[in-house]
Amino acid sequence: MTTKQLKWLAYAATLFVFLATFGGGVVTKTESGLGCGSQFPLCNGKFVPAHTLASIIEYSHRGVSGLAGILALAAFVAFMIWRRNRLDLRIYAFLALLFVIIQAAMGALAVVFTQSAPIMALHLGFALISFASSVMLSLGIREQDKQEGMVPAEPPRKVAKGLRNLSIFTAIYTYLVVYTGAYVTHTDSAGACYGFPLCNGKLVPPLAGGEGIQFMHRAAAFLLFVVIAVLAHFAYRNKSGNREVRGLGLASIILIVLQIFAGIAVTYTVNDYNWYLFTSISHILIIEVLFGLLCYMAVRTSLLSRNSK
């Protein structure tokens, strides 16, 4: 299998893993998780479900997730066979497949058995790890394809280990913040705090119940903005002048600002179903892209920091 063929296979897997992750958010926000009843893989006892909105959303998500799993498996097998010399790409392919399987299994179990909010919140987190792994697989094989095609590229410029460490920390912390956001959703705490930046007119609300859960997510998200702002600053001012790292830093700060505005919009639209659906899904979409970007940045700075001070 040629490098170009592997690249397009990785692209296809990444696209469907992205759609599966995004679709999971749509299922949650539209409360379509039980659109097929408590049955899996059948939908209300049928292979082709009745044409209700909830069943269509849930069954479509199952179909996309199934295709994501098939493509992730195909990519894993292909990279294991035709890229034996690229341990990094094989690891990415393995992680993408592993977490696609885990999140699919969790989704199936959530349909058949009732799951607690902390467990359900992990569902999105595992899906994001699968997506991030797919992104790194795609970008890794894309870089190899460019090198083999002798496409002129800027010589790699090393970055400081401090920037590498900050990139890794930011990616990990982002994952934790995503978990708190998923926990807000699965505990039905999205509408517990009305208004922004105050929560129901209070700077620090009672930390029990929905108000406390929502407030803790807001605090974690604010700290994430600070961390990404610091990361973007050092990425843009990196002494080597690495344009790729600068671009990643700039993109990260733009995305976190958009994410904050989407989060604020969620607060003010929670009582209007149509607008809430739009803002909350946008919130999921942006963080999915941001997490993938930060994971890639962590990997790239790790590679570029080798043998640097």
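This is a predicted model: local features need pLDDT of at least 70, side-chain atom pairs count only at pLDDT 80 or more; totals for chains, interfaces and linings use all residues.
Q: How do the directions of α1 and α2 compare: roughly parallel or roughly antiparallel?
A: The axes of α1 and α2 cross at roughly 150°. Angles over 145 degrees count as roughly antiparallel. So α1 and α2 are, relative to each other, roughly antiparallel.

Q: Which residues of α8 make the contact with α5?
A: The axes of α5 and α8 come within 8 Å and cross at roughly 155°, so this pair is roughly antiparallel. The crossing is left-handed. On the α5 side, the contact involves Leu163, Arg164, Ser167, Ile168, Thr170, Ala171, Thr174, Tyr175 and Val178. Facing them from α8 are Ile287, Phe291, Leu294, Cys295, Met297, Ala298, Thr301 and Ser302.

Q: Which element gives the largest share of the largest nonpolar core?
A: This core holds 58 residues, and those with the most contacts inside it are Phe79, Leu137, Val245, Leu290 and Leu294. Two or more residues come from each of α1, α2, α3, α4, α5, α6, α7 and α8. The largest share, eleven residues, belongs to α8.

Q: From which domains does this core draw at least three residues each?
A: The core takes in residues from α1 (3-29) through to α8 (273-304). At least three of its residues come from each of domain 1 (1-153) and domain 2 (156-308).

Q: Which residues does a second, separate core include?
A: Apart from the core of 58 residues, there is a second one made of five residues. Among its members are Val27, Ile57, Leu277 and Ile281.

Q: Which residues is Val245 in contact with, leaving aside its neighbours within four places in sequence?
A: Val245 is one of the residues with the most contacts inside the largest nonpolar core. Once those sequence neighbours are set aside, its partners are Val159, Leu163, Ala235, Asn238, Met297, Thr301 and Leu304.

Q: Is Ser252 buried or exposed?
A: Ser252 is found in helix α7. Leaving aside neighbours within four places in sequence, Ser252 touches Ile228, Ala232, Leu290, Leu293 and Leu294. Its relative accessibility is 0%, and the cut-off is under 20%, so Ser252 counts as buried.

Q: Does Asp188 count as buried or exposed?
A: Asp188 also lies in the loop between α5 and α6. Its phi is near 55°, a positive value in a residue other than glycine. With 68% relative accessibility against a cut-off of over 50%, Asp188 therefore counts as exposed.

Q: What is the relative accessibility of Asn200?
A: Asn200 has its place in the loop between α5 and α6. Although Asn200 is not a glycine, its phi is positive, at about 55°. Asn200 counts as partly exposed because its relative accessibility is 35%.

Terms used: Residues are numbered from 1 along each chain as its sequence is written. Side-chain values use heavy atoms; hydrogens and water are left out. A nonpolar core is a set of buried Ala, Val, Leu, Ile, Met, Phe, Trp, Tyr and Cys residues joined through side-chain atoms within 4.5 Å. Buried means under 20% relative accessible area, exposed over 50%, partly exposed in between (1.4 Å probe, protein chains only). Helices (H or I, at least four residues) and strands (E, at least two) are DSSP runs, numbered from the N terminus. Domain bounds come from an automatic or database domain assignment. Contact means heavy atoms within 4.5 Å. Axes are lines fitted to C-alpha atoms, for helices over the stretch in contact, and angles run from 0 to 180 degrees between N-to-C directions. Angles under 35 degrees count as roughly parallel, over 145 as roughly antiparallel, 65 to 115 as roughly perpendicular and the rest as oblique. A crossing is left-handed if the near helix is turned anticlockwise from the far one by less than a right angle, and right-handed if clockwise.
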